[in-house]
Amino acid sequence: MSVNGKPKLAMYWAAACGGCEISVLNIGEHILTVDEVFDLAFFPCIADFKTVDVRGYPDGYIDVCLFNGAIRNSENEEMARLLRKKSKILVAYGSCAYEGCIPALANLTSKEATLETVFLNNPTIDNPDRVLPQPAYSVPEGELEIPEFYHTVKALDQVVDVDYYIPGCPPEPHQVWAVLQVVVAALLDGAPLPPKGSIVGAGDVAVCEECPLEKREKTITRFYRPYEITPQPGLCLLEQGLVCLGPATRSGCGALCPQVGMGCRGCYGPLPGVEDQGAKMLSAIASVIDAGEAGMEEAELDRVIEEAVATIPDPAGTFYRFSMAHSILRRANDSQSDKV
Amino acid sequence: MTESFEPVIVGFLCNWCSYRAADLAGTARIHYAPNMRPIRVMCSGRVDPQFVLKALREGADGVMIAGCHPGECHYVNGNIKTLRRYHLLKRMLKQLGVEEERVQLVWASASEGKQLAEAVDRMTEQLRALGPLRWPERVLGEDGRGANGHEAFVSAIEPREEVAA
Amino acid sequence: MNHKPMEEARIGVYVCHCGTNIAKTVDVAEVARWVGEQENVVVARDYKFMCSSLGQDLIESDIKERGLTRIVVAACSPHMHEKTFRGACQRAGLNPYMFEMANIREHDSWATDDRAAATQKAKALVEGAVRRVAHHTPLEPLPVEINPNTLVVGGGIAGITTALELANAGYHVYLVEREPSIGGHMAQLDKTFPTLDCSACILTPKMVEVGQHPNITLLSYSEVEKVEGYIGNFTITVRKKARYINEELCTGCGICEEKCPKRVVDHVFEAGLGYRKVVYRPFPQAVPKYPVIDRENCTYFLRGKCRACQIFCPTKAIDFEQEDEIITFQVGNIVLATGYDLFDARRIPQYGYGRLANVFTSMEFERMVNAAGPTGGKIVLRDGVTEPKSVAIIHCVGSRDKNYHEYCSKVCCMYSLKFAHLVHERLPDAEVYNFYIDIRAPGKGYEEFYHRLLHEGTHFIRGRVAEVTDAARQPGEEGKLIVQVEDTLIGKQRRIPVDMVILSAGLEARHDSREVSQLFKMGCDFDGFFVERHPKLDPVATMTEGIFIAGCAQGPKDIPDTVAQGAAAAARVAGLIHLGTVMMEPVRAYIHEELCSGCRICNTLCPYNAIVFHEDRQVSEVITALCQGCGTCVAACPSGVISGAHFTNEQIMSQIEGVLWDVRRNGNGKQPTVNIQQSTANVQQPTVNEP
Amino acid sequence: MKYGYYPGCSLEKNARAYHESALVVAKRLGIEFEETPDWNCCGATEYFAINALAGYALVGRNLALAARQKLNGQGNQLVAPCSACFLNLSKTDHYMAESPELAEKVNSALAAGGLSYEPGSVRVRHLLDVIVDDIGYMTVAEQVRKPLYGLRVAPYYGCLVVRPDYQHIHDEPEYPLCMDGLLKVLGAEVVDYPVKTHCCGGHMTQISEETALEMIRRLLKSAADYRADVIVTLCPMCQLNLDAYQEQVNKHFGADYHIPVLYFTQLMGLAFGASPKEVGIGKEFVDARPALAKIQEEPPQNAKQKRSRPPKGALPMPSMLSHHKGGGQ
């Protein structure tokens with residue numbers, strides 16, 4: 001602990017949207033307690049710190065670092081390593097740091113394709129010279145460098161050792177506050193911390209447990225995209241043909257999305273004992289599709305089932321919306337591209 | 001294409017039909033490609049899509065799921081669920097850049113040793129033509145040691161930190 | 001996720017030579033040496049015959065002396081010797097489920113000649129088993145009590161035999177028959193080959209015995225509608241169709257049948273060759289004796305008039321208001337003896353059945369030669385009067401033919417010989433031609449019967465008949481049926497003009513056998529015959545515990561074989577009843593209730609309705625006794641809270657890692673040779689982790 | 001419905017009546033034909049007998065041309081009215097699909113002409129199959145204006161359309177019934193012609209006339225035994241043999257057959273109300289007019305009574321199976 005006796009808190013964003021920072025501020029008046037208890041050591045979103053300041057800290061200087069965002073480029077990775085070194089407790093905060101989240105959907109394609117889409121092919125792009133970002137560029141003043149864009153988006157624990165995980169996109173404020181309380185109790189009063197590697201700020205049972213919608217036996221003949229139907233209120237969305245990842249997702253959010261008619265997107269990640277959230281949801285959903293039965297001719301069987309599953313137009317994007325980087329395969333096969 | 005590449009196939013065979021079909025193929029001394037490595041499950045319905053991904057992730061070039069014919073399932077209709085999952089999984093694997101030939105669902109009753117052997121031969125041939133998949137080194141660029149979840153990933157990086165810092 | 005066993009596993013691995021069966025193709029010594037170096041492996045040996053008592057002793061002493069906690073045997077299929085080695089473990093005090101088998105014989109050494117590849121595969125299979133067994137947990141078999149009552153479905157000679165055997169042993173039997181009377185096909189036959197016993201004479205006493213037996217509840221004109229439960233505890237629902245006869249009042253006098261003014265062609269018992277009344281008993285010796293009103297043809301039901309039967313019935317037993325009755329009862333075992341259908345000869349149009357009047361099926365001929373049949377036993381043409389001067393009997397109609405059934409129907413040769421004999425006997429001047437592919441007479445006294453027919457003067461022409469036609473070419477053919485055939489013994493095409501043709505139709509599975517197999521939740525093969533547990537060693541059991549099969553439902557067979565199988569099924573059932581309790585494999589699914597979110601994905605997946613949902617607690621539960629262990633729900637549960645004993649995710653994931661030992665790490669095992677272009681593209685790129 | 005159309009040489013020469021009547025019928029049924037441009041010989045039997053590869057290449061060219069036709073919406077379906085053409089086109093497609101080596105060789109030959117053919121890309125159809133299966137009896141029945149009441153017809157299929165059944169026509173190869181059904185729809189009285197799939201002699205007329213004449217005699221005799229007024233065929237070769245050689249059969253065997261042999265499309269055309277000339281009546285050797293004169297205005301009175309009860313004491317006849325899905329009358 002530092003001179004003034006307050007534990008040091010850091011929060012950093014890598015490939016992220018900024019929502020995680022907002023979620024910390026969203027804890028309301030508790031933020032005053034945070035300020036009271038902690039000394040900010042690094043928090044670029046709300047205070048002016050420089051990387052060089054951090055480099056100057058002794059190793060382990062920061063007590064708790066909430067690291068959000070995925071590892072998208074060399075700068076993200078460098079900062080992850082730096083903060084790991086300088087922090088006693090490194091927390092993968094939010095879905096991106098935990099399991100890749102939306103940035104990791106880029107793992108379904110290649111680095112080149114991503115860059116081309118962003119810098120050349122989007123309808124709003126005006127880039128007549130077809131300039132793509134270069135890691136190094138010479139100007140009269142000297143050599144300029146920008147971080148290198150990686151081929152594969154990674155979760156934080158795929159580059160450094162991580163102590164705890166807080167899932168959610170973003171984590172729910174009440175969960176954030178609950179976790180902070182545990183940390184504060186540990187730092188100030190020596191209360192025990194959960195075992196290393198724990199997932200905190202989330203439940204161990206699926207979202208359905210918290211979801212008030214009525215669940216019945218499931219037989220689904222086809223799926224709809226959210227705009228195609230207006231769900232019947234009070235009834236489980238999945239049964240109505242709206243893909244809901246609730247059954248395959250950790251609770252903790254309070255089932256907010258299903259309650260407003262939007263199927264769970266899966267941001268709290270897989271349940272304990274599940275390695276691959278997408279594969280599990282795929283298995284569950286396909287199992288209850290009511291298409292094809294024993295006794296049908298094989299060709300007919302294939303046809304009706306194919307027709308039913310075709311109503312899910314983007315299975316990978318649907319089932320791995322948040323967990324691509326942490327899925328079993330981690331990315332799409334793209335053996336023609338380079339591997340950075 | 002590739003020379004003398006021998007694909008490795010993980011086969012999930014159901015206890016009642018296809019595992020027995022493979023037994024029968026052996027008993028009848030039907031020779032077929034030794035490339036498929038069978039894993040017994042009670043029913044093809046037990047094949048969690050995670051198993052298929054796991055096998056690919058661990059370096060298999062292909063996965064064969066084999067069950068009883070539709071309508072002949074020992075567990076009445078477990079294989080129909082397999083078929084439904086297979087169709088959806090196939091669509092997803094396509095997005096993940098896994099060629100269709102690499103994950104196949106075949107039906108073989110306990111008496112169809114020959115058909116199962118032929119399916120293995122056919123798939124082996126298709127994968128030979130397609131070339132290796134070998135996910136750890138060719139897709140993820142891992143050196144392969146351990147290759148077991150992120151610990152291995154981390155341990156492979158950690159020593160180089162000094163260089164970066 | 002790393003799949004590490006919970007406690008320290010001390011694994012013993014035994015690689016079997018199986019004489020030379022494995023050792024010839026797999027370098028067993030190398031496999032044993034190699035696996036000895038793997039994690040957790042304490043002992044690794046290769047041995048000539050692991051299944052021998054010495055081989056088993058080896059395992060037992062190693063468990064005791066070396067403190068092994070898990071055993072792997074790399075040998076034949078677990079379907080051969082899993083039980084054997086589990087027994088060895090148990091004798092040495094190790095829970096038998098701490099054992100795993102690697103199949104390096106059927107799946108490896110017998111399937112290839114490539115020694116290097118076979119050895120590599122053997123290592124993979126053994127490593128898979130080693131990794132898997134490290135995650136095994138001790139399991140206890142589940143005891144299940146056996147209800148001593150038995151359901152027998154089908155009242156032909158197979159079902160009758162099973163029912164009587166069990167009933168005479170003192171056990172209660174429910175015999176369910178679809179038709180109004182028991183007796184089955186055997187009741188339709190005239191004589192039986194090769195002894196020429198009168199079929200009805202030997203069958204009817206058994207039918208009567210069934211009807212009167214205190215231990216048999218006979219439910220005729222009834223069908224099983226629902227089967228719930230599992231071995232020892234089946235609940236059966238039967239629909240007893242309305243006969244429109246009050247069985248308590250009916251004396252079986254037959255006056256109703258006599259007075260009924262309407263007759264229709266009898267397509268069932270008389271095979272379409274004769275007629276029956278609308279209120280009828282299929283045949284005079286029917287058991288039970290009560291008639292049935294055929295609702296579809298009854299004038300009263302069609303037009304609301306007639307009631308002749310009601311008017312004349314002396315005991316007022318006709319009851320037009322009667323309704324189907326639903327009966328439920330409990331049994332411990334089930335025997336399916338549902339019989340066969342005769343191949344429909346109309347499916348081979350070039351043989352002319354249905355077009356050419358004097359082409360008959362074998363079952364029509366059986367009825368014709370039967371003294372109780374439509375012609376009183378006279379052999380005549382379709383006009384009912386003319387005796388044929390020449391008769392052609394065509395074998396293998398619908399059998400041994402890729403267009404219809406590839407299999408041999410087993411009985412047709414013999415009954416065709418019997419037909420030839422009966423024609424000679426009744427019409428001594430008639431010429432009889434048997435057109436055959438091969439004469440199959442493997443049975444006691446069968447070949448001798450064939451020789452007898454050769455002496456009786458039957459013409460045997462070897463060749464498959466091309467067609468039966470009435471298109472005459474030569475004057476001698478006018479007005480005849482001409483059988484066109486290649487006589488393969490003389491290598492010539494022949495045209496044989498005859499008066500009558502009999503098509504020896506094959507036996508096929510019941511048209512609804514697939515639905516029946518689904519009703520009883522057991523398997524049937526491509527042809528629709530029920531699948532036995534083992535084609536050689538367990539031909540009466542099925543893959544479903546507590547369900548047995550007998551007779552032609554399992555495959556074509558003659559009467560002696562059918563009777564033997566019927567009795568065998570009874571013996572198997574009696575054995576189970578005598579035991580009182582059976583131990584079931586503990587391969588079952590289990591829901592961790594505290595982690596179940598109640599999403600109800602699994603609720604509709606179980607074919608055995610073993611998963612129930614508790615509304616109050618909002619969780620699902622697997623009823624262990626109903627679960628058959630398929631694991632479909634385990635694979636489907638999106639929360640991963642259903643585990644399948646002995647096939648857990650951990651066990652299978654570890655096995656996947658094991659079988660891929662050589663491709664998941666560099667430097668071990670052979671590497672793929674990649675084409676040069678691709679490999680440069682891949683190899684020269686920096687790897688992921690280099691900064 | 002739009003189909004490619006491969007007339008083949010016969011339809012342009014001796015089977016002109018088939019061609020003309022087929023077009024009349026097609027028009028009435030709303031079938032649109034687009035003739036394959038620049039088609040060549042189907043190889044008949046000779047090509048394949050002498051050099052199979054040359055035969056396949058020859059037919060492959062036709063398939064390649066048909067594949068290029070790009071008929072909107074109908075896939076690429078090629079109709080061949082001649083049985084031999086139908087078989088050769090089907091056979092080539094079938095073997096090319098079965099043997100990639102053959103496909104490669106054929107395509108290397110086709111490449112010389114800037115063509116190529118992907119097996120399976122053209123579905124070869126026989127005209128009868130198209131009318132029965134795609135159009136259906138119902139639609140045909142709607143077009144009937146002058147039913148063929150009283151005309152006894154013997155449906156003669158010959159061999160090549162039904163066997164070997166490469167195209168999986170919905171009928172029984174050994175005893176087909178689809179044309180029987182079609183003719184019944186036209187109002188004709190169809191006899192159960194027992195030799196309906198027997199050989200017409202084919203090219204035996206050129207090789208061993210004795211053999212051919214005997215084969216033709218059997219067909220004529222059976223038709224005569226069954227008191228058929230007309231033999232109805234779907235193949236130019238069958239028609240030619242039965243029709244043109246009838247006089248020779250009479251001479252050779254001292255018989256006196258006068259059974260006209262017409263194409264099924266000719267009878268369809270007549271029933272649809274076309275004039276005999278429009279459907280090529282008059283081009284046949286054995287004059288069809290006396291037989292056609294038997295057609296009556298009203299259905300024959302005895303038609304219903306024919307299914308009377310069997311005589312007393314007779315055994316019941318088994319009922320017939322309906323083989324063809326459109327066969328129910």
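This is a predicted model: local features need pLDDT of at least 70, side-chain atom pairs count only at pLDDT 80 or more; totals for chains, interfaces and linings use all residues.
In chain C, three strands make up an open sheet ordered β11-β12-β17, and their pairing is antiparallel. The strands at the edges are β11 (222-230) and β17 (325-331) of chain C, each of which has a single partner strand, so one side of each is left without a neighbour in the sheet.

- The antiparallel pairing of β11(C) with strand β12 (residues 233-240) of chain C extends over 8 bridges, and within it Ser222(C) has Lys240(C) of β12(C) as its bridge partner.
- As a general point, the strands of a sheet pair through backbone hydrogen bonds, either parallel or antiparallel.

**The sheet in chain D**

- Chain D holds an open sheet of 4 strands in the order β6-β5-β7-β8, in which the pairing is parallel.
- Its edge strands are β6 (189-190) and β8 (261-263) of chain D, each of which pairs on one side only.
- Strand β7 (residues 230-233) of chain D runs parallel to β8(D) and is joined to β8(D) by 3 bridges; Ile231(D) has Val261(D) as its bridge partner in β8(D).
- Helix α8 (residues 178-185) of chain D lies across β5 (152-156), β6 and β7 of chain D, and α8(D) runs at about 155° to β5(D).

**Chain B and its helix α4**

- Chain B contains 7 helices and 4 strands, which follow one another along the sequence in the pattern β-α-β-α-β-α-β-α-α-α-α.
- Of its 165 residues, 70% count as buried, and among contacts in chain B between residues at least 6 apart in sequence, 77% join residues at least 24 apart.
- Helix α4 (residues 113-130) of chain B has 18 residues and, at 1.5 Å a residue, should span 26 Å, which agrees with the 26 Å between its end C-alpha atoms.
- Which residues of α4(B) are buried? They are Gly113(B), Leu116(B), Ala117(B), Ala119(B), Val120(B), Met123(B), Thr124(B) and Leu127(B).
- Seen down the axis of α4(B), these buried residues fall within an arc of 155°, so they line one face of the helix.
- The buried residues of α4(B) pack against β1 (9-14), α1 (18-27), β2 (36-41), β3 (62-67) and β4 (103-107) of chain B.
- After α4(B) comes Gly131(B), which has a positive phi, near 90°.

**Nonpolar cores**

- The largest nonpolar core has 466 residues, and those with the most contacts inside it are Phe67(A), Ala74(C) and Val501(C).
- Helix α12 (residues 412-426) of chain C supplies the largest share of this core, 9 residues.
- A second, separate core has 17 residues, among them Cys250(C), Cys256(C), Val279(C) and Cys313(C).
- If neighbours within four places in sequence are left aside, the residues in contact with Phe67(A) include Tyr12(A), Leu83(A), Tyr93(A) and Leu156(A).

**Contacts between chains**

- There are 4 pairs of chains that touch, and among them chains B and C have the most contacts.
- Chain A and chain D do not touch, their nearest C-alpha atoms being 16 Å apart.
- Chain B and chain D likewise have no contact joining them, and their closest C-alpha atoms lie 15 Å apart.

Conventions: Residues are numbered from 1 along each chain as its sequence is written. Chains are lettered from A and ligands numbered from 1 in the order in which they are written. Helices (H or I, at least four residues) and strands (E, at least two) are DSSP runs, numbered from the N terminus. A residue is buried if 20 or more other C-beta atoms lie within 10 Å of its own, exposed if 12 or fewer, and partly exposed in between; C-beta atoms are placed from the backbone. Two residues are in contact if their C-beta atoms, placed from the backbone, lie within 7 Å. The expected span of a helix is 1.5 Å times one less than its number of residues. The arc is that of the directions from the helix axis to the C-beta atoms. Two strands pair if DSSP finds at least two bridges between them. Axes are lines fitted to C-alpha atoms, for helices over the stretch in contact, and angles run from 0 to 180 degrees between N-to-C directions. A nonpolar core is a set of buried Ala, Val, Leu, Ile, Met, Phe, Trp, Tyr and Cys residues joined through C-beta atoms within 7 Å.
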